[in-house]
Amino acid sequence: MLPADIPALIGRIPLFSHLTDAQRAALAGYLHWICLPGGQYLYRAGEVADALYLLRSGSLGVFDGSTDLIRQVAADDCVGEISLLGGEALRYNVRALRDCELLRLDHQHFEQLIEHHPRAMMGMARQAVDRLIRRERHVEPPDKPRTFAILPVDETVPVRGLAMQLAQALEKFGNCVVIDAEHGANRGSDWFAEREAQVRFVIYLDSTGDPSWRLRCLRQADVLLLPALAAQPAKPWPEAAPGHPARVRHRPRHLLLIHPAHRVLQGSARRWRGQFSGDIHHHHICGEGDIPRIARLISGHARGLVLAGGGARGLAHLGALRALRETGHDFDAVGGTSIGAIIGAGLANMWSIEEMTRVYYEAFVRGKPLSDWTVPLVALTRGRRAAIMLRRAFGAIDIEDLERPFFCVSTNLSGQGKVVHRHGPLWLWLRASSSIPGILPPVLHHGQVYVDGALVDNLPTDVMAEDGIAHITAVSIRADIELRAKTEEFATPPWWRLWLRQRRGVGWPRLVSTLTRAAMVNSEETSERCRDQADLLITPPLEHVGMLDWRDWQLAIDSGYQETLRVLEEQERNPSPASDTAQLSLEG
């Protein structure tokens, strides 16, 4: 017997929202209830569609192949309608990410509905086609997680207060309820389905360590939250599933490290991450302000900042950050390339604008990291001063020790191409990300050769978007990649004649200018695509600042500050849907 809430469920599904009450009741009469345990396939690619499915509770994954998750389907949605209408073989695999309850509409019953309610079914067909078009154009937003399981490593972790604060933070985006063992133990699947249908978010909390309740939490959750005390010795979770990605079936895992004394304990993230295999996110909790940030990240409402490379022009990022801070903008994740990565690392380390300005002035303007010239067998400089500068600025911390999620991009010349760095020594990968070929020597690590990330991706908004960040602010530094010649030559003349021509301004382009422009010209097309992915794009006018003219640092900062204020004021006068989303996240 079907639950009584089925007509209401049908009304919540966009595909059937236009149906009348009578038509929904008719549709409900043809539906069959099925249960699909987590991990099992609903159907496989190549099969002929013989039904469509309404997801009452749970979460389905749409896979290209066996492991490439391309879309997540949450409750109050349906799957299989496109193939059923077209009569074509299914393109993707669909399987349960957690225990699911579905309602099946067989092909023969679908045809009967068309016969008895042709206009209603025609409207459904139009909506299905529109949905297919949006999906093919990548304009249909992915489903966001709705249920979370808090599974601490042991009973010493104070999770109840964490759950209450997290629920309060999630309330900014929809109502939320916390269900613990006292309220949820020995309940049937209908009870949980009803609770999940009534609210936007559900947090399943284990505060007692009861194995059966932990298993229920694990089965009900779209996302696993795994709290631990950072100062304690790392150990595996009581159940095997959180440690192995294959057993959680592509559900995101978030390691929550609770720190004492409101500061990150260096090395704790590496220790605790060692208990897991595969990809896992981690977050540092040093104070109450970190929990709203985590809520935005896990629920799909986070704001990210991406900073481009550009040599001395990249100091404009400092001015842009100052303007963003003054206008109340904050960011949950940071990424960048080259000098954008270096400045972004300071932001992820929670430095103030004043501290960043002081550190980077000492490092780039007074420190002159490119002044250790050498015989150019590998590069024009030794790279030692640049490495010392980065180690002095950031010390021995790992990327994992930064308070905010952070990544930087380098180019691997040993065959990998673009590499995104999220782990390991911070100074080392910042050094690799900023290694302009021919000017700085490459970074050699474990037999691999790494150079400047600007060769392949100077503005990595694509990486930030793949992380599921809802709103991306990007500061783009357009490279002056055009070189002009005032003479017709195909080989350099004798040195004395070349010297005279250079003094008259009619000689060859300088070596450093040629190398810096050559390093960025190939990524300009990629950067243009990445600019389009930014919800808020800031491009300071920096034609008056040379790529390696560090003495013009104040001009670059001022340009970044003024342009950011101008863009923000223009956005305020002419708000777009994207900026409305940004404001919602900002207020949250």
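Colleague: Where does Asn186 lie?

Modeller: Asn186 sits in the loop between helix 7 (181–184) and helix 8 (189–198); helices (H or I, at least four residues) and strands (E, at least two) are DSSP runs, numbered from the N terminus. This is a predicted model, in which local features need pLDDT of at least 70 and side-chain atom pairs count only at pLDDT 80 or more, while totals for chains, interfaces and linings use all residues. Residues are numbered from 1 along each chain as its sequence is written, and side-chain values use heavy atoms, with hydrogens and water left out.

Colleague: Why is Asn186 called exposed?

Modeller: The relative accessible area of Asn186 is 83%. Buried means under 20%, exposed over 50%, and partly exposed in between (1.4 Å probe, protein chains only). Asn186 is therefore exposed. Its phi is positive, about 65°, although Asn186 is not a glycine.

Colleague: Ser338 also has a positive phi without being a glycine. Is Ser338 buried or exposed, and how do you know?

Modeller: The phi of Ser338 is about 55°. Its relative accessible area is 7%, so Ser338 is buried. Ser338 belongs to the loop between strand 16 (333–337) and helix 14.

Colleague: What makes Arg24 count as buried?

Modeller: Arg24 has 18% relative accessibility, so it falls in the buried class. Arg24 is part of helix 2 (residues 21–29). Apart from its neighbours within four places in sequence, Arg24 is in contact (heavy atoms within 4.5 Å) with Pro7, Ile10, Gly11, Phe16, Ser17 and Leu19.

Colleague: And why is Asp467 called partly exposed?

Modeller: For Asp467 the relative accessible area is 34%, and Asp467 therefore counts as partly exposed. Asp467 is found in the loop between helix 18 (461–466) and strand 21 (471–475). Neighbours within four places in sequence aside, Asp467 is in contact with Phe407 and Arg422.

Colleague: Let us turn to helix packing. Why is helix 16 described as oblique to helix 17?

Modeller: Two packed helices are described by the angle between their axes and the distance between the axes. Axes are lines fitted to C-alpha atoms, for helices over the stretch in contact, and angles run from 0 to 180 degrees between N-to-C directions. The axes of helix 16 (residues 384–394) and helix 17 (residues 426–433) cross at roughly 140° and come within 9 Å. That angle makes helix 16 oblique to helix 17, since angles under 35 degrees count as roughly parallel, over 145 as roughly antiparallel, 65 to 115 as roughly perpendicular and the rest as oblique.

Colleague: Which residues make the contact between helix 16 and helix 17?

Modeller: Helix 16 contributes Ala386, Ala387, Leu390, Arg391 and Phe394, and helix 17 contributes Leu426, Trp427, Leu430 and Arg431. The residues of this contact divide into 7 nonpolar, no polar and 2 charged. Ala, Val, Leu, Ile, Met, Phe, Trp, Tyr, Cys and Pro count as nonpolar, Asp, Glu, Lys and Arg as charged, and the others, Gly among them, as polar.

Colleague: At what angle do helix 14 and helix 15 pack, and what is the distance between their axes?

Modeller: Helix 14 (residues 339–348) and helix 15 (residues 353–366) pack at an angle of about 145°, with axes 10 Å apart. Ile339, Ile342, Ile343, Gly346 and Leu347 of helix 14 meet Met356, Tyr360 and Phe364 of helix 15. Their contact comprises 7 nonpolar residues, 1 polar and no charged.

Colleague: How many helices and strands does the protein have?

Modeller: There are 23 helices and 22 strands.
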